[in-house]
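Visitor: Hi, could you walk me through the ring contacts in this one? I'd like to start with charges and then move on to ring pairs.

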Amino acid sequence: MKLCMAGIDHVSAALEQREKLSLVRGQVQAVLPRIAERTGCAAVLLATCSRTELYLHAEGERVLPDAAEVLCEAAGAPACRPLLVQRAGGEAVRHLMQVSAGMQSQIFGDDQIVSQVKDAAALARELKTADAVLDTLFRRAVTAGKRVRTETRLTGVPASAAQAGVRRAERFFGTLAGKRAVVIGNGEMGRLAARALVEAGCAVTVTLRTYRHGETVVPQGCATVPYERRMERIEGADLVVSATTSPHFTLTAEQTAALSHPPRLLLDLAMPRDIESAAASGHTALFNLDDLGELGDADNAARETALRILDEETREFFAWLNYRAALPLIAQLKSAVASRVRHIRDYDALVADGDAETLAELAANRAVELVLGGMKQKIDVETMKACLEHIGKGSGR
């Protein structure tokens, strides 16, 4: 199997290094077809707030390229090459399974990552850069992630970055009841944060760049303000959360310095960062994604169950992969067995006599002998039972 990946995450690099390789959806749409064309490989790009990973698969005689070099070139950050971790074959497969289950996330057990893995594969299919192997691998990873969510409890605390950020804010203030909060950004992360803040008792205002009746979704209980007028609501607020995909700062040091009553807490949930580091001061604290990673872990039993599920899904993927690789040989085997069966004694006479039952029995016996004769070292009782069970299921056809 010619499969490899290269990536950067919160383990291998600090936030300011990761954001150099951060790609939003529009950028992925632009670079992924170029990667596939340049390498001649199938490609999927997984880009989230805490990781950027490129998966490549090559068919036939094609040689896999240096995935880290390809990713850094595509992101316009060649200097980041030493920061990337590369994995190949089974190691890459197992890594993606753990990523999808939230076991490699900055917030352990993150319940958003499985959707991000699914979306990455869907975008690659849309752009026609995925092949059957990568598509099946990502489908299996999504299945694994969903099973871990439903069959285990990896963490006893909120798992999404938005929920984790709100929990950190609760720890900072003691309580969020009665606090005034402004959420910059009405994307998925912003909406999650706004809902969590409302549930915690905050008076929440969400910024909107545009509003389309019937299309723009605003969390229940939230007021709104145009993005351009956000500083009016930030003046005197207790808390500001920013969660956009903007390539520019949504809140700068100059803007916070101009406030008469700046917020006590700034929470930056974006990648790349939304809030300028210097916006924090003696009166204002700033937390970003790297500050949210110590909020939960799994107990040993849940972890063991999750790893068992991932092992099962990994085996299923490799079983499919091995079967796919064997398809040409299976076709040759069918042809070879059919040819040998036609040479069994009395074959022509039985055909002439129309003795179909005897002919079928002879042909089946000879086919089984031919096939199993070449697999003597691989045959065991459990395998034979599985074969009999499979044949029994189809006996009614």
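Visitor: Which ring does Arg 230 lie over, and at what distance from the ring centre?
Guide: This is a predicted model, and in it Arg 230 lies over the face of Tyr 227, 4.0 Å from the ring centre.

Visitor: And where does the charged end of Arg 209 sit?
Guide: Over the ring of Tyr 227 too, with 3.8 Å to the ring centre.

Visitor: Switching to ring pairs: how many aromatic pairs does a search of the whole structure find?
Guide: The search gives five aromatic pairs. In one of them, Phe 172 and Phe 287 have ring centres 6.2 Å apart and planes at 85°, so this pair is edge-to-face.

Visitor: Is Phe 287 buried or exposed?
Guide: Phe 287 counts as buried, because its relative accessibility is 17% and the cut-off for buried is under 20%. Phe 172, at 31%, counts as partly exposed.

Visitor: Which residues do ring pairs link into a cluster?
Guide: Phe 172, Phe 173 and Phe 287 are joined that way.

Visitor: What about Phe 317 and Phe 318, how are their rings arranged?
Guide: Their centres are 5.5 Å apart and the planes meet at 65°, so that pair is edge-to-face. Phe 317 is buried at 0% relative accessible area, while Phe 318 is partly exposed at 23%.

Terms used:
Residues numbered from 1 in each chain as written. Predicted model: local features only at pLDDT ≥ 70, side-chain atom pairs only at ≥ 80, totals over all residues. Heavy atoms only, no water. Phe/Tyr/Trp six-rings, centres within 6.5 Å; stacked < 30°, edge-to-face > 60°. Buried < 20%, exposed > 50% of the residue type's maximum accessible area, 1.4 Å probe, protein only. Lys NZ or Arg CZ within 6 Å of the ring centre and 35° of its normal.
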